[in-house]
Amino acid sequence: MKITSVAATAVRLDIPYPLYPGEGAGTKIEWGMRSRSTPLRPTPMLEYVLVRIDTDEGVTGWGEAQADIGFFGETVEQVRAAIADYLGPQLIGKDPLDREHLGRVIGYRGNGCAKSGIDMALHDLAGKAMGMPVSVILGGRRRTRVPVAIEVAGGKPEAMAEACAVLMRQGVRAFKPKVGGYPEADAERMRAIREAVGPEASLRADANQGFSPKEAVRFCRLCERYGVGLELLEQPVAAHDLPGMAFVRRSVDTLIEADESCFTPQDALAVIRHEAADVLNIKLGKAGGFTQAKKIAALAEAAGLKCVLGTAFGLGLEIAAKAHLFAATEIVTDAVEFTELSLHGTLLRPPWDARFGLPLEDGCLPVPDGPGLGVELDQAKMLEAVVQGTP
Ligand SMILES: [Mg+2]
């Protein structure tokens, strides 16, 4: 089998409100910044690139790449051009089943989102060619339901608590509020949220690099004193400050998770060497796809760490991809973050458009069991969302 074409299409979905707004709440490194909203993009939206890989045997694979200058540093124009003009053309004529080798062929520095979109399409294609779900190719399908966590934007304590209560009524059982401003105020937010969600719900917090090391220690100690039952604190300090994160980790009982500090397997190794985290956050867009994500999971397992699959707003393909990776990777713990469920629908055909949506049955999403990613894009919904390119 040979690859005959690699197509990249930019799509845009409007969302009801800006992601993580809140001067005075959430991470203070973003206060005064426009983040994802810029003068040319004044309304709230999410942008993605769909990847389609065709072969001479008629098997087609689909993938999806995020684009977000705020987190990944990659714009939708960059991701589309990287796939269409630089990475994709190098794959023409090659065997799509040689995924590890093809990853090396396009293994340029950075460009994690673009590489991830291609890697996802290659896995979808391989699964369809073999008649197997991606999870089986990745290691097995022991887990068929994925517990869901959803992030909550920073704001007034009562507003954050209410946002969690609304999600609870839709079946969500795990929450990750945004903190990273002032430790005392943030600990009060966590206390209000715990009161609202009750003792059983899982409660994480993500500081998005907002604390200094000593602020992070203060926040954790306050949460410990208030009995918040914080499952973990994500990325308390600046991404590059691994010694600072190690100081936080040594100073508190709360588990510390690396997100912005951990994009690639090399980053994971640096976090491990510094003993800077208890948990590694894996995102396909950071790692550059399943192949690299599995290597991060292997490093974590060898070092005695846990992994969490973090939020990667998705159109449906990415949701399926994360479900398969969770099913196939036992070192990955509950719950997997799917914040997009609270923001927009998918571009999928039935029944997966409904299955990948709120309300949740038992706090979980199902892992698709069909070949490849096991989900199909809805042609009409996809065409409506297209900004540039032909799917
Ligand atoms: Mg994070």
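Reader: In what sense do β5 and strand β6 pair, and over how many bridges?

Author: Good place to start! This is a predicted model, in which local features need pLDDT of at least 70 and side-chain atom pairs count only at pLDDT 80 or more, while totals for chains, interfaces and linings use all residues. Residues are numbered from 1 along each chain as its sequence is written. Two strands pair if DSSP finds at least two bridges between them. β5 and β6 (residues 202-203) have two bridges and run in the parallel sense, so they meet that definition. Phe175 has Leu203 of β6 opposite it.

Reader: And how do you decide what counts as a strand or a helix?

Author: Both are DSSP runs, numbered from the N terminus: a helix is H or I over at least four residues, a strand is E over at least two.

Reader: What joins β4 to β5, and how does the chain get across?

Author: Four bridges join these parallel strands, and Ile150 stands opposite Phe175. From β4 the chain passes through helix α5 (residues 157-169) to β5 in a right-handed β-α-β crossover. The term "right-handed" applies if, with the strands pointing away from the viewer, the path from the first strand over the helix to the second runs clockwise. β5, helix α6 (residues 183-197) and β6 form another right-handed unit.

Reader: Why is Pro147 called buried?

Author: Pro147 has 20 C-beta neighbours inside 10 Å. The rule calls a residue buried at 20 or more other C-beta atoms within 10 Å of its own, exposed at 12 or fewer, and partly exposed in between, with C-beta atoms placed from the backbone. Pro147 therefore counts as buried.

Reader: Which residues does Pro147 touch?

Author: Pro147 belongs to strand β4 (residues 145-152). Neighbours within four places in sequence aside, its contacts (C-beta atoms, placed from the backbone, within 7 Å) include Arg173, Ala174, Val336 and Cys364. Pro147 and Val336 lie 189 residues apart along the chain, yet their C-alpha atoms are separated by 6.1 Å. Ala174 is itself in β5 (residues 174-177), where Ala174 and Lys176 on one side and Phe175 and Pro177 on the other are all buried.

Reader: What is the strand order of the open sheet, and which strands are its edges?

Author: Five strands run in the order β7-β8-β9-β10-β11, with parallel pairing. β7 (205-206) and β11 are the edges, as each pairs on one side only. Within this sheet, four bridges join β10 to strand β11 (residues 306-309), where Val279 is partnered with Lys306. Two bridges link β9 (residues 256-258) to β10, with Ala258 and Leu280 as partners. Between those two strands the chain crosses through helix α9 (residues 265-273), again right-handed.

Reader: How does the span of helix α3 compare with what is expected?

Author: The expected span is 1.5 Å times one less than the number of residues. Helix α3 (residues 112-130) has 19 residues and reaches 26 Å from first to last C-alpha, close to the expected 27 Å. Of those 19 residues, 17 are buried.

Definitions and conventions. Contact = placed C-beta atoms within 7 Å.
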